[in-house]
Each structure stands twice: as C-alpha cells, then as structure tokens.
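Keep the sequence open alongside as you go.

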Amino acid sequence: MKKFVAMLLALMMIFALAACGSSESASTASAGTAKYVFLNEGSNAISAIPMREGTKVIQLWHGCGAFKRFGFSTADLIFGASRKEQLRHPFNKNYSLVTVSSPEVIWAYKEAMNLPEDCDVVQPVGSSRTDIFFDKAFIDNAYREVYKTIPDAKGKKILLYAPTFRGRVARATTPDMLNVKMFYEAFKDEYVLLFNHHPLVKERPEIPPEYAKFAYDVTGVLSIEDLICVSDICISDYSSLVFEFSLFERPLIFFAYDLDDYFDWRGFYYDYNELAPGLIARTNREMIDYIQHIDTRFDKQAIIDFKNKFMSSCDGHATERIIEYAFDNPQAHRKDCAHFEEFHTVPKVENSYFPYFRKLQIISEQKEYAAPYYRQLCGKPIVEDSVVVFDVTSPELMYLLKKYGGEHLTVISGGDYLHEVITKIAEANYIFIDKPNSLLDSLDLREETKVILIPERAIQTETFGVDSKEYRSGLKREQYQLAPLYRNLSAATMLTKEVAQLYSTAFGKEIKMLPVGDLRTDVLFDTKYRERALKSLYAAFPQFEGKQIITFIAEDTDSPNKTMAYEYLSDKYVILLYSEKPFEPIEEPVEETENYFTESIADVSDVLSLYELLAITDILIGEVRSEVLTFMATGKPLFIYAPALQAAKDTEGYFDNEQLLPTKVYNDIDDIVQEILDIRHYDYTKYFDIKSRFLALCNGRSTRRLMEMI
C-alpha cells in the first residue's frame, strides 16, 4: 500500500509539474481543468491566476524544516525581490494545502508565503519525499547503486560534501573551499569523499586527478536520496538536506566559512549557532580534527533533539497522510490491497532541549513565579544605597566592584535559589549587570530600583541590542516577547559622551548615559592586581622573571613565527600567547625544536585571564577587538595584527575600524618583530589622538567615578 500511494502521488506531481514547466499557457490550461494540482516549488503561473472553484492546489515543497529564508521572508534582504515586487508577482498563492515536516516550522512557511496568521493551509503532515528513508528495500538498493558506481567505496566509510549554492538562482555558483588534498592526506585509507553540488550550479570545481581513487563528484550521477542513505558523515552548510540526513542520526558538520556574508545575503529562520546540531567550522583543519576524533566529539543526542524538533512529522507515513488531507474522497482513488496499512496520525512533538528553546522555557517558568512574588515584596521599602551585582561573570569587574562597593554590595546569580534572587532584587536601590538579563526584563520593576548596564565591551566593534542583526531579524522574537530587551534599563556606563550618542539607539529607549570610562581598565592601573598576576606567571614559568613581556592575542589565527621571535627577541623579552578559543591542531609529532623556545615563548591561556595578562604586558600584539583597543589607555605600544581585517571591515559596527587603529595593520609577524627591535621610534601620533578621543576617562578611576555618581 505504501508503495502504491507513493507512486500515485509521484505520478500526479509529474503531470502537474510537467504542465507548469512546459509553458505558461499550457500550465494555466492544465490547472484550469484539473481537480488537483501538485507542486513542489513556488510557481508564478499558478499563483498569478484565480483558481476555479473546486480545484485544489497542494504544495509539497522540496525541502524540510526551515533553514535559510525564502519568499516574503527575504523581502528586505539582498537575495530577495522587494516586498512590492513579490506582491505584484507572487510565487506562493492559491494553496489549499502546504505540507511541512513538523509543527515547529509552520510559522516560517506562513511568513514566507505571506499567509495570514489564522490560516490553516500549512499542515504538519510530513514530507512525502522522506518516506523512502524508512523503506529498507530503498536503503539496500541505495548501497548497491553507490557501490556499483564507485567500487572504491566498498569497505570504506563515506564522507558526503553537499553544499548549497551561492548567489542568485540564475547565476548560481558553488563553494570551492573544501581542500581535497588535506582530506586525502588525513582520510585516504578510511573514507571516500563524495561531492554533490546543488543542481542549479552549472560550473563545478574539478577534482585533481591525483585524488581520483579518493574523491568523486557524483552530482547528477547519484541521487541525493541515495547519498543521504549511505553516507556516514555529511558536511553541508545552509542546505535543508541536513534535516533529512538527521533522520539517520549520523554526524553532521556545518562548513560555514562565509556565515556572516550568507546571513547578510539571505538570512535564517533560526539562530544558526543554536540551530546546528554539530560542528560549525570555518576551516578545513577544524573539520579534519573533528572527524579524526568523531568517536568522542559526536553528540548524538543533539542530532536526535534536532530531528525531534524539525522532522517530527516524518515517520515513513507522510504520503498516506497527505492523500488523506488532499483528496475529497481518498477511498475513490484506492485499489484493493492485501496488505493494507491504517493511516498514521502525526506523532507527538517531543520537548526540545536546544539551548534557546530551553531558555524560553526557563524564562516562562521564572516569570510565572517571579512576577507575583516580586509584586508581593514591593510593599516593603528598598534598602537605601544598596547595590546588587547580578550575573556578572567578569572576574576583573567583580574585583573592582567589591573593592569600591564595600558593605553596600551584594552579589547574586541566575543560578541561585529564585526566591532569594527576587528578594534581593526587590530590596535593591541599584542593580549592576554587564549584559541583558531576561529575568529582570520580565519584571515590572519599581521606579526606586535603577538598573545600570556596564557593557561587556567598552568599544563595540559590532552592533548590539536592538541595532544588532540578531534582534532586527527576529531570530529570538519569542524571548523578547516574554522579556522585552533592556525593558528596565535605567542607565549605562560609557567611554565618552561621543560614544554614548553612537550607542544610544542600541537600547531602544531613552536611558541615562554615564560617561565614566571602562571600569575593567581600572585593573591596568592597579598595582596589587598587577603584582598578583606576575606572581601567577612566575609560578608557572620561573624562567620568565626579569624580562619584559610581549603579549600576542588572537583568535583562530596561526601562532607567531617562533623562530623569528626567538632569534631576535628572546634576549630581552618573553612572548606570551593567549587565545580564548585555542585552535585544536591536527595531531602531529612533537618536533624536538619545540623545547628550543620554552625559555621565552609560552601559551598562557590557561594560566592568566585576559585582563591579568594586559596588566603585565609591555607590548601588545592583537586583533581588532575591544580589549586590545582599550589597552591604549596604558600608553604602551600596540600593534594590530589582522590578516582578516577585511572581514572585520564588512561587519556592521558603530565605527569604521580605521578610526580605532593606532598604527598601520600588520599581516606578517616578521614585520612587527622588526618594529619591536626599534621600539624607541614607535609612532604615537594617531595613538594619542585615539586615546584622548575615546579613552581619556580610562585612567584607573572609572569604578570610583561610577560609585560617586550613584
């Protein structure tokens, strides 16, 4: 029965789509006499004509889940036509039924197809094309097809790379960033690598002949359905095939090297970093390292949660349900069958344990309890001049607030007993936070309580708050409905009045700006703090004592040229390497020369905090980030090492990066070494201009200044 209904539906789709594809006149003529019209893409021909009474248009859609935006969801993005143009020439209209893979994504399809909120056309009955993934005979045949086409795959695991296209549909291109040579050297004995490019792409990158027994372009040779069935690991990016692949509960890797650009270009329905149930990689080395450690790194539960959320209606019986919904009298279209199976209802959607949706649940639960309890406590007076520090995790900020806050200061955390947290909030005269706080935003705070934000970054190199892409795109709209962003914010600390004006729109409301400087930079002038940091460094590396300190701060960049640095600088300096996200290199034999550098070069990421490191640094080398730029408050030399500065320039921010850079940008560490050798002639001209403009108040007294203000 299952095969019969699948064939029946497939035939109807072929007839309807053939009619739509032949010509506009032919398609409209066919639709004019058809009782049922089946589609799996948007159609301007079907959408542009008034359908006669009695004709049903069923949109099966070609993908599952809701990943990259389409239709009206792209109206304000680079990829999509304008809203006016889409209203004039619609692609998704006249539908009687739109089938989707899960109740979770109904809202996205309504938005994309410009359907009213109360419309019940979109139904989570499942995706018909996924039924084959529950058919053992189909899966067995898929393996036979692959092995027949690629005999070298027998006895090996299959690694599938299936990216989506880039650019517009008419001129679609495909990524060429996966390094076949690196994959060959790492996996030639264990895997075969299969490329399946998007069918819209006309020109595909060639695989070098020396890898002919390892890597194969099977685009158009093997079906994507066969490939999904047989692949042990799938590497994709923004393609909806990841939803189908999740049905097999196998590892997914997201090669999203151009994530920021793609977000600007087309956008997503969900926060990409929280949506992806696997490694999000920007480099080949990250992917290779992950695959080499797949047994310990693969989180199967994340895939299962992802599947339960976005594919809950896909259980092998979607076609049966679609026929039940689509036909007025399904029985009239059936033939007798000896092995008839009853229709299945959509399975219950399991609760998701993804961080974002779990957060929604927590906010909702907290709000339900906290709001009435807070109102009850508001009958009591506040504690005059009391300061509550809520969920501040920065150790240097806590050090300063405790130092100057004294007996008036209380520290609480969202992880504390909620009853006690609400009690402290109700008593507080001032509440300090360093990031948006959903619990505070969910309450109706009384006027006497002032919430003051000490921003996590003094110099915001990217937009934040309501100015951010995340907020403007509506990715977390449910959270902000429960707890409106910055709802109870009264004031925020700022570097200067000029910076305050730039940031003012980010809060979405008028608040008091407190130009006190950056509190965290106070530790850079704190003698005891510096002495404590040096003590920690010398305890770990006693050989460094007595030398000046060069610090190299970077994220996802190669370490400096150790040989060059050692040969020229080790007599006078030590070089401390720091990264909050240390790169996990491919395992290689340790070279004997590594011991050669230990007397003057060390990774201190696990020994010192970032601000402890900045406090003891004599010369800083770093990328474009807030902490690096605020180091100028010390008046010590700073070198910007930014091989990827262009990517930073393309990021939305309040400043042109050129405004914030004290010197030229260096792409080669060797050039910086030469400059350090002649450090007496360091050019401070632009440096002091930036310092006086943005960091004049960062002189070691910012925390005291704030306390005096309140």
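What follows is a tour of a predicted model, starting with its sheets and ending with a few contacts between side chains.

Start with the sheet that has β5 in it. Six strands make it up, ordered β7-β6-β5-β8-β9-β10, and the sheet is open with parallel pairing. At the edges you'll find β7 (215-217) and β10 (279-281); each has a single partner strand, so one side of each has no neighbour in the sheet. On average, neighbouring strands here are turned by 20° against each other, if you ignore direction. Now zoom in on β10. Strand β9 (residues 252-255) pairs with β10 in the parallel sense, over three bridges, and Phe255 has Ala281 in β10 as its bridge partner.

What packs on this sheet? That's helix α7 (residues 180-187), which touches β5 (157-161), β6 (191-195), β7 and β8 (233-236). The direction of α7 makes about 155° with that of β6.

While you're in this area, look for Phe214, in the loop between β6 and β7. Is Phe214 buried or exposed? Its relative accessible area is 2%, so Phe214 is buried. Leaving aside residues up to four places away in sequence, Phe214 touches Val180, Phe183, Tyr184, Phe187, Lys188, Tyr191, Val192 and Leu193. Take Lys188 from that list: Phe214 and Lys188 are 26 residues apart in sequence, yet their C-alpha atoms are 6.1 Å apart in space.

Next, jump along the chain to another sheet. This one is also open, with six strands in the order β19-β18-β17-β20-β21-β22 and parallel pairing. The edge strands are β19 (601-603) and β22 (665-666); each has a single partner strand, so one side of each is left without a neighbour in the sheet.

Ile550 stands opposite Ile619 in β20, and Thr551 has Leu620 as its bridge partner in β20. Turn to β21 (residues 638-641): three bridges join β20 to β21, and the two run parallel. Here Gly622 stands opposite Ile640 in β21. Which way do the residues of β20 point? Ile619 and Ile621 point one way, Leu620 and Gly622 point the other way, and all are buried.

Time to look at the cores. The largest nonpolar core has 101 residues, and those with the most contacts inside it are Ile422, Ile425 and Leu537. Pick Ile425 and colour what it touches: not counting residues up to four places away in sequence, that's Tyr374, Phe390, Ile412, Ile431, Leu439, Leu440, Leu443, Leu445 and Thr449. There's a second, separate core of 62 residues, with Leu39, Ala142, Leu160 and Phe254 among them.

One helix is worth a stop too: α15 (residues 318-326). Seven of its nine residues are buried, so α15 is largely enclosed by the rest of the structure. The buried residues of α15 are Ala318, Thr319, Glu320, Arg321, Ile322, Ile323 and Ala326.

On to the rings. Searching the whole structure turns up 32 aromatic pairs. In Phe306 and Phe310, the ring centres are 5.3 Å apart and the planes sit at 55°, so this pair is tilted. Both residues lie in helix α14 (residues 300-310), four residues apart, which is about one turn of the helix. Phe306, at 1% relative accessibility, counts as buried, and Phe310 is buried with a relative accessible area of 0%.

Compare that with Tyr687 and Phe688, an edge-to-face pair, 5.5 Å centre to centre with 80° between the planes. Tyr687 counts as buried at 0% relative accessibility, whereas Phe688 is partly exposed, with a relative accessible area of 43%. Both belong to a cluster in which ring pairs link Phe639, Tyr666, Tyr682, Tyr684, Tyr687 and Phe688.

Finish with two charges over rings. The charged end of Arg477 sits over the ring of Trp107, 3.6 Å from its centre. Lys35, for its part, lies over the face of Tyr36, at 5.9 Å from the ring centre.

Terms used: Residues numbered from 1 in each chain as written. Predicted model: local features only at pLDDT ≥ 70, side-chain atom pairs only at ≥ 80, totals over all residues. Heavy atoms only, no water. Core = buried A, V, L, I, M, F, W, Y, C linked by side-chain atoms within 4.5 Å. Buried < 20%, exposed > 50% of the residue type's maximum accessible area, 1.4 Å probe, protein only. Contact = heavy atoms within 4.5 Å. Pairing = 2+ DSSP bridges. Axes fitted to C-alpha atoms, helices over the stretch in contact; angles between N-to-C directions. Phe/Tyr/Trp six-rings, centres within 6.5 Å; stacked < 30°, edge-to-face > 60°. Lys NZ or Arg CZ within 6 Å of the ring centre and 35° of its normal.
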